[in-house]
Amino acid sequence: MKKNILIIGHGNISQQLSCLIDKNKFKILSVSRNNKYKLDNHIEWNWTSNTDLMIEDEPIESIVFFPKPSDINRDGYEDGFIKSAENIYKNVSKIGFNKFITVSSTRVYEKKHNHKYMEIDSINPKEYRGILIKKYENIQKKFYKNRLIILRFAGLYDDNSKNIPKNHLHRKNAARIIKFFIENKHENNSYEIFNCCEDNSESNISNEKLKNIGFIYKEYH
């Protein structure tokens, strides 16, 4: 029997992920506000609204959530991260699932010179986006406990990007990381956090934890 993967916030990375996943082993159920990708197993839902997620009563192996601010201001981040997290939990808590994989951001780290950030570092962001993303992570920890995997993505880029951030992650590697966690077992006593940042001499984000469990980055630039 195929394992069901529920993706909330289907976009470019999800589209690449769906091309990587073994369709003989997994069935992807994609949730977005509209079906612009013309997906077969699509569920139309606005997770910032008060409406319920309408999904068939079948077990889910993994839930993947891509939060996105509705605007670049504080209210937009509250809406896209905090309100979304609470609303999604209200709906998916009724569904049986094994893993909740959520995308976060290395924006939670402060900009310090000559400091290499590890996941275990105590973080105290000063800027509102980092503050709200950290709050979002803490909410998810409370909701999903040992079923939670937090992936802190560095600045995303693709083959057409002209300016690549100092701490960066190609969208194809982002999709490959999520695939890695979907396909591998996750049996921990607590939540897990992983920095997702490609190797480069200027980066101040450590990716050793992810590489130590077997993920291999591909070079795209």
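Start by selecting His42 and Ser32: their side chains make a polar contact, at 2.7 Å. Keep in mind as you click around that this is a predicted model.

Stay on His42 for a moment. Show Asn34 as well, and you'll find its backbone oxygen 3.5 Å from a polar atom of the His42 side chain. Leaving out residues up to four places away in sequence, His42 touches Ser30, Ser32, Asn34 and Asn35.

Now switch to cartoon. Which strand holds His42? That's β3. Across from His42 in β3 stands Ser30. Color β2 and β3 together: the two run parallel, joined by three bridges.

Zoom out to the whole sheet. What is the strand order? Reading across, you get β3-β2-β1-β4-β5-β6-β9, seven strands in an open sheet with parallel pairing. The edges are β3 (42-44) and β9 (192-196), each of which pairs on one side only. Look along the sheet and follow the twist, which averages 20° from one strand to the next.

Select α2 (74-92), which lies across β1 (3-8), β4 (60-65) and β5 and runs at about 165° to β4. Then select α3 (128-144). This helix packs on the sheet too, touching β4, β5, β6 (148-153) and β9, and its direction makes about 170° with that of β5.

Time for the pockets. The largest has a volume of about 1600 Å³. To find its middle, select Ser105, Arg107, Phe153, Ala154 and Leu156, which lie nearest the centre out of 49 lining residues. Which elements give two or more residues to that lining? Color α1 (12-20), α2, β5 (97-105), α3 and β7 (155-157). If you color the lining by class instead, you'll get 18 nonpolar, 18 polar and 13 charged residues.

Last stop: the second largest pocket, with a volume of about 210 Å³. Which element gives the most? That's β2, with four residues. Color this lining by class and you'll see three nonpolar, five polar and four charged residues.

Key: Residues are numbered from 1 along each chain as its sequence is written. This is a predicted model: local features need pLDDT of at least 70, side-chain atom pairs count only at pLDDT 80 or more; totals for chains, interfaces and linings use all residues. Side-chain values use heavy atoms; hydrogens and water are left out. On a 1 Å grid over the protein atoms alone, a cavity is a set of points where a 1.4 Å probe fits but cannot get out, and a pocket is an open set with protein on both sides within 12 Å along at least five of seven lines; lining residues have an atom within 4 Å of a point. Grid points are joined across faces, edges and corners, and a volume is the space filled by probe spheres set on the points. Ala, Val, Leu, Ile, Met, Phe, Trp, Tyr, Cys and Pro count as nonpolar, Asp, Glu, Lys and Arg as charged, and the others, Gly among them, as polar. Two strands pair if DSSP finds at least two bridges between them. Axes are lines fitted to C-alpha atoms, for helices over the stretch in contact, and angles run from 0 to 180 degrees between N-to-C directions. Contact means heavy atoms within 4.5 Å. A polar contact is a pair of N or O atoms within 3.5 Å; within protein, one must be able to donate a hydrogen and the other to accept it, and residues adjacent in sequence count only if both atoms are side-chain atoms.
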